[in-house]
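This report describes the architecture of a two-chain complex, chain by chain and then across the two chains. The sequence and the structure are shown first.

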Amino acid sequence: MPTGPDTASPAGTDVVLRALADPHRREIMRLIQDSELPAGQIAAHFTLTQQAVSQHLTVLKRAGLLEERREGTRRLYRFQPASLEPVREMLDEFWPDALQRLKRVVERDHPRRGAKGS
Amino acid sequence: MTEPVTASVRIAAPPEVVFPYFTDPALAVKWIAKAAYLDARPGGTLAIDVRGNPARGEYVVVDPPHRVVFTWGIEGREDLPPGSSTVEVVLRADGDESVVTLTHRDLPSEDQRRSHWEGWAEFLGLLAEQAGSSPA
């Protein structure tokens with residue numbers, strides 16, 4: 001699956017999980033859920049250092065959970081809903097895999113009678 | 001609504017042979033899940049496990065050997081509750097083979113995912129924390 005040079009590669013489920021396995025990062029996600037916010041405004045919600053907040057933002061960005069946009073010297077962040085697509089991903093793989101298994105099983109259970117070689 | 005998930009496969013057996021694999025639990029367990037409970041008649045229950053997720057639904061159309069339709073959802077998933085999406089399987093004869101086409105419709109739209117994301121993310125995050133995933 002090709003991805004653009006600057007898009008975060010589709011992060012694996014474990015990357016997304018690790019990114020969410022932190023209450024501060026979940027709080028950040030809540031903040032940007034409905035509106036795009038600059039880094040400073042996000043940091044202002046926390047007692048953490050700006051650097052710590054910036055690290056959390058990086059983790060979330062790498063997991064594909066948020067999108068970063070630069071406006072002059074400011075960095076703005078917003079939620080990237082497409083990243084939370086486990087259902088879709090699960091099924092995108094599940095059905096094709098399942099049908100391939102079905103094919104193998106049926107053809108094994110019902111070998112062609114009188115099949116003349118390959 | 002989002003684009004449906006589709007998948008298809010050609011099988012070297014006629015639809016009459018393939019169809020029961022969608023309706024007979026003893027055959028379904030060979031390919032779709034380790035455990036399957038299937039009551040293949042309209043209104044009948046379908047319950048299988050998909051990668052550890054409890055998928056639940058009801059048969060809507062059972063029309064051997066060409067078409068079977070069932071609803072589908074995952075127990076405990078607010079964004080895809082049981083009955084919320086629909087899977088249609090069509091088996092078309094091609095010579096003495098079958099072409100099986102599966103279409104999974106009515107999956108949650110982006111807006112719905114978005115409105116549910118918080119609970120889901122919270123849940124996943126807490127799970128991951130409890131499982132001891134080290135913060136990245």
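## Contacts and confidence

Two residues are in contact if their C-beta atoms, placed from the backbone, lie within 7 Å. On this basis, among contacts in chain A between residues at least 6 apart in sequence, 56% join residues at least 24 apart. In chain B, 37% of the contacts between residues at least 6 apart in sequence join residues at least 24 apart.

The model is predicted. The predictor assigns the complex an ipTM of 0.79 and a pTM of 0.59. For chain B, the mean pLDDT is 83, and 76% of the residues reach 70 or more. Among the elements of chain B, helix H1 (residues 15-18) has the highest mean pLDDT, 96, whereas helix H3 (residues 110-130) has the lowest, 58.

## Chain A: overall organisation

Chain A contains five helices and three strands, which follow one another along the sequence in the pattern α-α-β-α-α-β-β-α. Of its 118 residues, 29% are buried.

The three strands form an open sheet in the order E1-E3-E2, with antiparallel pairing. Strand E1 (37-38) and strand E2 (66-71) of chain A are the edge strands, each pairing on one side only. E1(A) and strand E3 (residues 74-79) of chain A run antiparallel and are joined by two bridges. Within this pairing, Leu37(A) has Tyr77(A) of E3(A) as its bridge partner.

## Helix H4 of chain A

Helix H4 (residues 50-62) of chain A has 13 residues and reaches 18 Å from its first C-alpha to its last, close to the 18 Å expected at 1.5 Å a residue. Which residues of H4(A) are buried? They are Val53(A), His56(A), Leu57(A), Val59(A) and Leu60(A). These residues lie on the same side of H4(A), because they cover an arc of only 160° around the axis. An α-helix has 3.6 residues a turn, so residues three or four places apart point the same way. Just after H4(A), Gly64(A) adopts a positive phi of about 80°.

## Chain B: overall organisation

Chain B comprises three helices and seven strands. Along the sequence, its elements follow the pattern β-α-α-β-β-β-β-β-β-α. Buried residues account for 32% of the 136 residues in chain B.

Gly76(B) is situated in the loop between E5 and E6 of chain B. Is Gly76(B) buried or exposed? Gly76(B) is exposed, because 12 other C-beta atoms lie within 10 Å, and a residue counts as exposed at 12 or fewer. Gly76(B) and Ala55(B) are 21 residues apart in sequence, and their C-alpha atoms are 9.6 Å apart in space.

## Nonpolar cores

The largest nonpolar core has 31 residues, and those with the most contacts inside it are Leu99(A), Val18(B), Tyr21(B), Val89(B), Val100(B) and Leu102(B). Helix H5 (86-109) of chain A supplies at least two residues of this core, as does each of several elements of chain B, including strand E1 (5-11), helix H2 (25-28), strand E6 (85-94) and strand E7 (97-105). A second, separate core of 20 residues includes Leu20(A), Ile42(A), Val53(A) and Leu65(A). One of these, Val53(A), is also among the buried residues of H4(A).

Leu99(A) illustrates how the largest core brings residues of the two chains together. Not counting residues up to four places away in sequence, Leu99(A) touches Ala7(B), Ser8(B), Val9(B), Val100(B) and Leu102(B). In soluble globular proteins, nonpolar side chains tend to be buried together.

Key. Residues are numbered from 1 along each chain as its sequence is written. Chains are lettered from A and ligands numbered from 1 in the order in which they are written. Two strands pair if DSSP finds at least two bridges between them. Helices (H or I, at least four residues) and strands (E, at least two) are DSSP runs, numbered from the N terminus. A nonpolar core is a set of buried Ala, Val, Leu, Ile, Met, Phe, Trp, Tyr and Cys residues joined through C-beta atoms within 7 Å. pLDDT is the predictor's confidence in each residue, from 0 to 100. The expected span of a helix is 1.5 Å times one less than its number of residues. The arc is that of the directions from the helix axis to the C-beta atoms.
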